[in-house]
Amino acid sequence: MAGRINDDDVKAVRDAVPIDAVVSEYLQLRNAGGGNLKGLCPFHDEKSPSFQVSPSKGLFHCFGCQEGGDTIAFIRKIDHLSFSEAVERLAAKAGITLRYEEGGYNPSHQRGERIRLVEAHQAAAQFYIEQLGSPEAEIGRKFLAERGFDQAAAAHFGVGYSPAGWDHLTRFLRGKGFSDKELLTSGLAQESRRNPIDRFRGRLMWPIRDVSGEVVGFGARKLRDDDNGPKYLNTPETPIYKKSQVLYGIDLAKKDIAKSSRAVVVEGYTDVMACHLAGVTTAIATCGTAFGGDHIKILRRLLMDNGSARVIFTFDGDAAGQKAALRAFEDDQKFAAETYIAIAPDNMDPCDLRLLKGDEAVADLVQPRTPLFEFAIRQIVGRYDLETPAGRAAALDEAAPIVARIKNVASQHEVAVQLAGILGILDTQFVVKRVAQLARWARDRGGKGPAPTQHRRQQYETAAPRAAVPGPALNLRSPAHRTERELLKLALQHPHLVSPAFDAYGIDEFTAPPYAAVRQCIQEAGGATDAPSDYLPAVMDSAPNDVVRALVTELAVEAIHARTVDEAYAGEQLVAVRRRAVDRRLLDIQGTLARLGQNGDPVQLAAVQNELWVLQQYGQALRNKGAAAL
């Protein structure tokens, strides 16, 4: 069991690695104003960016799904790590040696499972690269050369070779301190009757990296006729490798995909290599599985769905390639990007095309050609005899529901007109109306889901803080709640502007239970006055649960609604919240006086009347003097 990481080291790691640099490894970020950055959330599907990063505060927050936190929280969430694993990964990135409270320096056996598995893959990748230069690997070098890849190309993509013996890699990794259990869990080794043996033997090896650049698996190509295994053998599903969630080449392509808002999807490892060497550096490929929804999520975060994004598929023109294209079209509407298909002459893949016709032919191939929807429709329509009315009607019956799935109404109308032309139906409006009718029926069947605000409201109400008084449900249209929210944002983002006055505000001055919960967190973290550098982490640590913690990060990242954020604006919010608290108390006192009546206890009556007078004077001072009366 690993010892607890020293608190000072955790703080050093949090401060040393900029959150925007870490997040940018997984998605494209753009300027959101106010010093913040925005992008498509990696934790839920969305069409417009609601995920924001504040580099100055070291925090992220999604205003769509409410995920939020610091750099450590981001790494934990996106890569499914424990707290210690996330800190260890960031420490390695920053070159920080961690200390452990119960055992000093962290030996290798204490490291988290994911980090150990990644380290095993990194060591394996280097081992395979070195083996590619061995006499035994001549067959692998010949395979690469015949496809136009020299030594430099192999090195650029980290291509290696797995020796044909039973346990070369297993013995190598044991020597590095990895246990048999770790090797089996990683998928690098497999069970045999006696001891674990290498999973990959006598094959050309491609390292598969995730979007952050870490090796999480391998693709292995058969080289010898006596190898009875499949042509391509991939890493099995492991804790760090899910084939539906990785794209080969994404680590090399991600920057250019984000920069150009363009991605090229090819079918194999050598196709990715050919494209990149031909200058098409946005090429990626799936790893032994069909292109699907999880792959789309990865690309969308990089493309940002900015309206000009393009995704070009280069499936083969044979039956299998056409089937793959139709399968891709099934998920087409999950993209906001425009999708196309490119098929090379003579059905060549990019690797063969580059070998026979050169780099320019590859670059020309992936220029947007046929829209994917048009290709899919033509494949469907091609199965019918369009020379007969019955054939045209049957083709329309199958193709129209596909067009109806296009969510953009203008695009749907345009494609419906094209469908009429493809079918040879002169009454274009008939086809347009048919498609619109099917789209309307689909929407009606889908129904409407519950209002998203209701779920959040219930979460907050059940997560009311320990000392928070009951209050009305959260309603951002309420002026009182808007002001309370603004004041809390100031207290979290600019504590010096609202202190020391803010620290004198009672929790009951915040009428929304979630805002009262955040006020209590600030109080338990030591208040806003003279806030230390670890003020925000301390506030988050004070949160009683994840719901309140998410609201803290949301308020710490959300833009403040003022052209100039200064003491004057802060004073306005302080006064507005306090005046409403005074007004509420005045109503309570007036109700008490009404209940006491003229015949009540004179001493109690005098005390209540005195409090009423004091509050009236204080309210008047707040109206006349503003923040100076606080």
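**Cavity, pocket and helix**

Modeller: In this predicted model, the largest cavity is lined by Phe 157, Pro 207, Ile 208, Arg 209, Tyr 248, Gly 249, Asp 251 and Leu 252. Two elements each give two or more residues to that lining, namely strand S11 (203-209) and helix H10 (250-260).

Biologist: Which element gives the largest share of the lining of the largest cavity?

Modeller: The lining includes Pro 207, Ile 208 and Arg 209. Strand S11 runs over 203-209. The largest share, three residues, therefore comes from S11.

Biologist: What is the volume of the largest cavity?

Modeller: A search of the whole structure finds one cavity of 30 Å³ or more. By class, its lining has five nonpolar, one polar and two charged residues. The volume of the largest cavity is about 60 Å³.

Biologist: Which helix gives the largest share of the lining of the second largest pocket?

Modeller: That pocket has a volume of about 830 Å³ and is lined by 31 residues, with Ile 78, Asp 79, His 80, Gln 245 and Arg 301 nearest its centre. Helices H3 (71-79), H5 (113-131) and H12 (293-303) each give two or more residues to the lining. The largest share, five residues, comes from H12.

Biologist: How many residues of the lining of the second largest pocket are charged?

Modeller: The lining divides by class, with 15 residues nonpolar and three polar. Asp and Arg count as charged, and Asp 79 and Arg 301 are among the residues nearest the centre of the pocket. The number of charged residues in the lining is 13.

Biologist: Is Ala 12 buried, partly exposed or exposed?

Modeller: Ala 12 is found in helix H1 (residues 7-16). Buried requires under 20% relative accessible area and exposed over 50%. At 31% relative accessibility, Ala 12 therefore counts as partly exposed.

Biologist: Which residue caps the N-terminal end of H25?

Modeller: Helix H25 covers residues 546-557. A side-chain oxygen lies 3.1 Å from the backbone nitrogen of Val 547. The residue that supplies this oxygen and caps the helix is Asn 545.

Biologist: How many of the twelve residues of H25 are buried?

Modeller: The buried residues of H25 include Val 548, Ala 550, Leu 551 and Val 557. H25 is largely enclosed by the rest of the structure, because its buried residues number nine of the twelve.

Technical notes
Residues numbered from 1 in each chain as written. Predicted model: local features only at pLDDT ≥ 70, side-chain atom pairs only at ≥ 80, totals over all residues. Heavy atoms only, no water. Helix = DSSP H or I, 4+ residues; strand = E, 2+ residues; numbered from the N terminus. Expected span 1.5 Å × (residues − 1). Buried < 20%, exposed > 50% of the residue type's maximum accessible area, 1.4 Å probe, protein only. Polar contact = N/O pair within 3.5 Å; in protein donor to acceptor, adjacent residues only side chain to side chain. 1 Å grid on protein atoms, 1.4 Å probe; cavity = no way out; pocket = protein on both sides within 12 Å on 5 of 7 lines; lining within 4 Å. Points joined across faces, edges and corners; volume = space filled by probe spheres on them.
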